[in-house]
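Please look at the sequence and the structure shown here, and keep both at hand while you read the explanation that follows.

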Amino acid sequence: MHKNDNTSKIVLIEDIEKNKDKTLHYEFNGDITELEGCEIIANLDLKSLGEYIEVKGNVKGKIQLECDRCLNKFDYELNFEIDEMYAKNSLYEEYGQEVELKSGQFITDLNGEKEIDIYDLLYQSVILQLPNKKVCGINCNEGLFVSEDEMNIPDERMKIFKNIKIE
Ligand SMILES: [Zn+2]
C-alpha cells in the first residue's frame, strides 16, 4: 500500500532553500502504515525563515477506529491544519527537544540535522487529532457498557410526558 518511497518522506533543508522563495510545496498521498486504516492527503508548504523552518498546510483523510461502546470498527474523518516550526540549530538546549512558543505551537529542535522527517510529523499530528471518546455514530446503541447517565435520559423524558394533562 506504499504510494511513497522512503526518500519522499524526508525533506532536505537545502532543497527548501535552493528554491527562489525558499519555499517547497510538499504533497503526501498515502498510508500511515503504523496506524490502522489511515490514509491521508497532505498539502504542505515548507518555508525557510533563516534559523527556522515553518511547515504549514492541510491534512485530509481517514483512520479506522474502534467504537468504545459497540467495539465495531469505523472510519473517522480527518481534516486538520498543520502549523509547525523547526529550529535548525539547538537554541534551547536546557529545555529539551520541544519548546512551547505560545499555546498550542511547538518548536522542534533539529539539532543541526539537515532534513525534516515529514512522515513522522504527519504520524504525530494524526495521533493528536484522535478523540478521547471514540463512538461510531450518534445512533450507536449496541454497547453493553452504557453508562447510567445515558440510561436515564429516556426516563427523564418520559416523566415530562407523564406530567402533561390533556384537557
Ligand atoms: Zn458503536
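This is a predicted model: local features need pLDDT of at least 70, side-chain atom pairs count only at pLDDT 80 or more; totals for chains, interfaces and linings use all residues.

Residues are numbered from 1 along each chain as its sequence is written.

L71 is found in the loop between β4 (52-66) and β5 (73-87), where helices (H or I, at least four residues) and strands (E, at least two) are DSSP runs, numbered from the N terminus. The phi of L71 is near 65 degrees, a positive value in a residue other than glycine. Most residues other than glycine have a negative phi.

K22 has a positive phi as well, near 55 degrees, and is likewise a residue other than glycine. K22 is placed in the loop between α1 (13-17) and β2, and it counts as partly exposed because it has 14 C-beta neighbours inside 10 Å.

Moving on to strand β2, which covers residues 23-31, we find E27. E27 is exposed, since 11 other C-beta atoms lie within 10 Å. Leaving aside residues up to four places away in sequence, E27 touches A42 and N43, contact meaning that the C-beta atoms of two residues, placed from the backbone, lie within 7 Å. The C-alpha atoms of E27 and L44 are separated by 6.3 Å, although these two residues are 17 residues apart along the chain.

How values were computed:
A residue is buried if 20 or more other C-beta atoms lie within 10 Å of its own, exposed if 12 or fewer, and partly exposed in between; C-beta atoms are placed from the backbone.
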